[in-house]
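Open your viewer and follow along, one selection at a time. Each stop says what to pick and what you will find there.

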Number of protein chains: 2
Amino acid sequence: MRVMGVDPGLTRCGLSVIEGGVGRQVIALDVDVVRTPAEVALQQRLLTISDAVEHWLDTHHPDVLAIERVFSQQNVSTVMGTAQAGGVIALAAAKRGIDVHFHTPSEVKAAVTGNGGADKAQVTAMVTRILGLQAKPTPADAADALALAICHCWRAPMIARMAAAEAKAAEQRKKFKAKVKAAT
Amino acid sequence: MRVMGVDPGLTRCGLSVIEGGVGRQVIALDVDVVRTPAEVALQQRLLTISDAVEHWLDTHHPDVLAIERVFSQQNVSTVMGTAQAGGVIALAAAKRGIDVHFHTPSEVKAAVTGNGGADKAQVTAMVTRILGLQAKPTPADAADALALAICHCWRAPMIARMAAAEAKAAEQRKKFKAKVKAAT
């Protein structure tokens with residue numbers, strides 16, 4: 001499974017692609033950070049990010065896009081821009097029929113370090129070790145994008161089992177309703 | 001000047017197009033609300049909104065897009081979706097080279113009612129009167145989209161004067177710096 005991880009942001013947007021193998025084996029294929037200057041109009045910044053993400057999707061053909069889920073409780077001054085960037089990124093995937101999954105920062109930290117409250121240095125150190133990289137990925141947005149992709153790779157089987165269980169439950173509800181209707 | 005007004009939102013997104021004439025004359029050309037169900041995946045909801053806005057831009061050819069500026073202080077449960085929707089709408093305009101302007105809710109209310117703290121009923125009543133409509137536009141998102149377009153039409157000359165003054169000041173700063181450099 002090929003996963004593209006995105007740490008959305010207007011000033012710095014982290015992008016990564018990893019390939020998941022047998023078990024917990026993961027290989028980094030690409031990582032970069034897209035930057036847009038604060039003095040440029042919002043719509044132009046969103047266009048730059050959208051163009052970069054579309055280029056990555058068309059170059060790397062990921063099976064799924066993993067995006068960091070933003071909460072409005074975070075830094076108020078940047079959260080709106082982060083949400084706007086996340087919106088155009090999810091849209092680019094939807095236009096290509098690529099599945100999108102959102103993971104919270106603590107889900108990502110827990111997946112790669114075992115601790116949902118890990119700091120940036122711990123996340124970077126574990127990402128470097130897991131992917132067997134020669135050097136630490138910088139800036140933090142690049143490491144976060146890789147961590148998101150690893151997190152999705154490792155959580156994907158559990159997400160698939162949950163979706164299957166939910167589909168089964170919905171099917172049973174439907175059957176039960178049909179039974180009740182036939183009985184009345 | 002033809003202005004498209006957008007009240008962004010995932011559940012209900014208000015769209016309007018008005019034509020500004022001489023002085024404060026404004027004519028409503030179209031108004032509608034795009035709805036997307038909460039049970040659909042976020043990226044699919046954003047795609048539906050993006051497709052609708054792209055269709056409007058290609059049908060009505062507005063000169064400018066006026067979007068409500070969202071603040072993270074507003075309703076926490078809906079603000080992230082509103083920002084994500086606003087992002088894909090601004091992107092659609094940027095892709096077509098259409099100018100985008102953001103107006104705060106109080107700027108819009110002040111423009112159409114003279115009171116930045118006006119309630120929804122007042123805004124709807126004034127929008128109906130200003131545009132000479134036979135019936136009140138409903139739901140509130142439709143009235144808000146029309147109010148945004150009216151607000152931009154009426155503020156546009158002031159925005160243009162401010163942009164011109166800023167460009168002049170930047171030019172003077174540049175000249176001054178060149179003068180200082182030449183003198184040293």
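Is B:Glu107 buried, exposed or partly exposed? B:Glu107 is partly exposed, with a relative accessible area of 27% (buried means under 20% relative accessible area, exposed over 50%, partly exposed in between, with a 1.4 Å probe and protein chains only).

Before moving on, some ground rules. This is a predicted model, in which local features need pLDDT of at least 70 and side-chain atom pairs count only at pLDDT 80 or more, while totals for chains, interfaces and linings use all residues. Residues are numbered from 1 along each chain as its sequence is written, chains are lettered from A and ligands numbered from 1 in the order in which they are written, and side-chain values use heavy atoms, with hydrogens and water left out.

**Stop 1: stay with B:Glu107**

B:Glu107 and B:Arg155 form a salt bridge, with their closest N and O atoms 3.0 Å apart (a salt bridge is a side-chain nitrogen of Lys or Arg within 4 Å of a carboxyl oxygen of Asp or Glu). This pair links distant parts of the chain: B:Glu107 sits in helix H3 (residues 105-113) of chain B and B:Arg155 in helix H5 of chain B, 48 residues apart. Helices here are DSSP runs of H or I with at least four residues, strands are runs of E with at least two, and both are numbered from the N terminus.

Next, select B:Asp141 and B:Arg12. Their salt bridge has its closest N and O atoms 2.9 Å apart. B:Asp141 belongs to helix H5 (residues 140-183) of chain B and B:Arg12 to strand E2 (residues 12-20) of chain B, so the pair ties together parts that are 129 residues apart in sequence. B:Asp141 is buried at 13% relative accessibility, whereas B:Arg12 is partly exposed at 37%.

**Stop 2: color chain A by secondary structure**

Chain A has 5 helices and 5 strands. Trace them from the N terminus and you will read β-β-β-α-β-α-β-α-α-α. The C-alpha trace of chain A spans about 65 × 40 × 35 Å along its principal axes. Of its 184 residues, 47% are buried.

Zoom in on helix H3 (residues 105-113) of chain A and show A:Pro105, A:Val108 and A:Val112, which are buried. Look down the helix axis: the buried residues of H3(A) fall within an arc of 65°, so they line one face of the helix (the arc is that of the directions from the helix axis to the C-beta atoms). The background is simple: an α-helix has 3.6 residues a turn, so residues three or four places apart point the same way. What covers these buried residues includes strand E4 (64-68), strand E5 (99-103), helix H4 (120-130) and helix H5 (140-183) of chain A.

**Stop 3: show both chains**

A rotation of 180° with 0.0 Å of shift along its axis superposes chain B on chain A, at an RMSD of 0.1 Å (by least squares on the C-alpha atoms of residues with pLDDT of at least 70 in both). The two copies are thus related as by a two-fold rotation axis. To find that axis, select B:Gln84, which comes closest to it of the residues of chain B, at 2.2 Å for its C-alpha.

Now select the interface: 25 residues of chain B are in contact with 25 residues of chain A (contact means heavy atoms within 4.5 Å). The area buried between the chains is about 2100 Å², of which carbon and sulfur atoms give 72%; buried area is the accessible area (1.4 Å probe) that two parts lose on being put together, summed over both.

How many salt bridges are counted between chain B and chain A? The count is 2. One to display is B:Glu54 with A:Lys95, whose closest N and O atoms are 3.6 Å apart. Helix H2 of chain B gives the largest share of the side that touches chain A, 11 residues.

**Stop 4: a charged network**

Finish by selecting A:Glu54, A:Asp58, A:Arg96 and B:Lys95, which are linked in a network of salt bridges. Within it, the side chains of A:Arg96 and A:Glu54 meet at 3.7 Å, N to O. A:Arg96 is partly exposed at 30% relative accessible area, and A:Glu54 is buried at 16%.
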